[in-house]
Amino acid sequence: MIRPPLNREMTHAELTALPVSFSLDVSNRALRIGRTQGYAMAKQGTYPIRVLRLGRQYRCTRYDLLRFLGVSVDSAEHTAA
């Protein structure tokens, strides 16, 4: 799997095309947070959006991310359709 560089911002189209839940790495990229800092914040409970802990994985939701970024959830659903 080819991963885009962390310093590249996510476009609006990429944000609205995200699945319902995704890894903390994807959320870190969208929020422009480094990997180490993002995982430290998630572990401490200070991550800017809700982080779900599923076993050893950290997951975030599209709803929480778009809400935090101020992207209208309704307009995101219409754009993805």
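Entry 1: I began with the strands, and found 3 of them forming an open sheet in the order 1-3-2, with antiparallel pairing. I noted the edges next: strand 1 and strand 2 (52-54) each pair on one side only. From one strand to the next, the twist averages 40 degrees. A reminder to myself: this is a predicted model, and my notes should be read that way.

**Entry 2: strand 1 against strand 3.** I looked at how this pair is joined. Strand 1 and strand 3 are antiparallel, and their pairing runs over 3 bridges. I looked up the partners in strand 3 one at a time: Ser21 has Thr61 as its bridge partner, and Phe22 has Cys60.

**Entry 3: strand 2 against strand 3.** This pair also runs antiparallel, with 3 bridges joining strand 2 to strand 3. I checked Arg53 and found that its bridge partner in strand 3 is Tyr58. Then I went to the hairpin of these strands, where 2 residues sit between strand 2 and strand 3.

Entry 4: I wanted to know which helices lie across strand 1 and strand 3. Helix 2 does, and it runs at about 90 degrees to strand 1. Helix 4 lies across strand 1 and strand 3 as well, running at about 60 degrees to strand 3.

**Entry 5: helix 2, buried or exposed?** I went through helix 2 (residues 24-31) and found it mostly covered, with 6 of its 8 residues buried. My list of the buried ones reads Leu24, Ser27, Asn28, Arg29, Ala30 and Leu31. What covers them? The cover includes helix 1 (12-16), helix 3 (35-44) and helix 4 (62-69), and also strand 1 (21-23) and strand 3 (57-61).

**Entry 6: helix 2 meets helix 3.** Before looking, I reminded myself how such a pair is described: by the angle between the two axes and the distance between them. Here the axes of helix 2 and helix 3 come within 10 Å and cross at roughly 115 degrees. On the helix 2 side, the contact is made by Leu24, Asp25 and Asn28, and on the helix 3 side by Arg35, Gly38, Tyr39 and Ala42. Sorting the residues of this contact gave me 3 nonpolar, 2 polar and 2 charged. Two names here were already on my buried list, Leu24 and Asn28.

Entry 7: I stepped off the end of helix 2 and landed on Arg32, which follows the helix and has a positive phi, near 55 degrees. Which residue did I compare it with? I picked Glu9, from the segment before helix 1. In sequence Glu9 and Arg32 are 23 residues apart, while in space they are 7.2 Å apart, C-alpha to C-alpha. Leaving out residues up to four places away in sequence, Glu9 touches Glu14, Arg29 and Arg32. Arg29 takes me back to helix 2, where it is one of the buried residues.

Key
Residues numbered from 1 in each chain as written. Predicted model: local features only at pLDDT ≥ 70, side-chain atom pairs only at ≥ 80, totals over all residues. Heavy atoms only, no water. Buried < 20%, exposed > 50% of the residue type's maximum accessible area, 1.4 Å probe, protein only. Helix = DSSP H or I, 4+ residues; strand = E, 2+ residues; numbered from the N terminus. Contact = heavy atoms within 4.5 Å. Axes fitted to C-alpha atoms, helices over the stretch in contact; angles between N-to-C directions. Nonpolar A, V, L, I, M, F, W, Y, C, P; charged D, E, K, R; others polar. Pairing = 2+ DSSP bridges.
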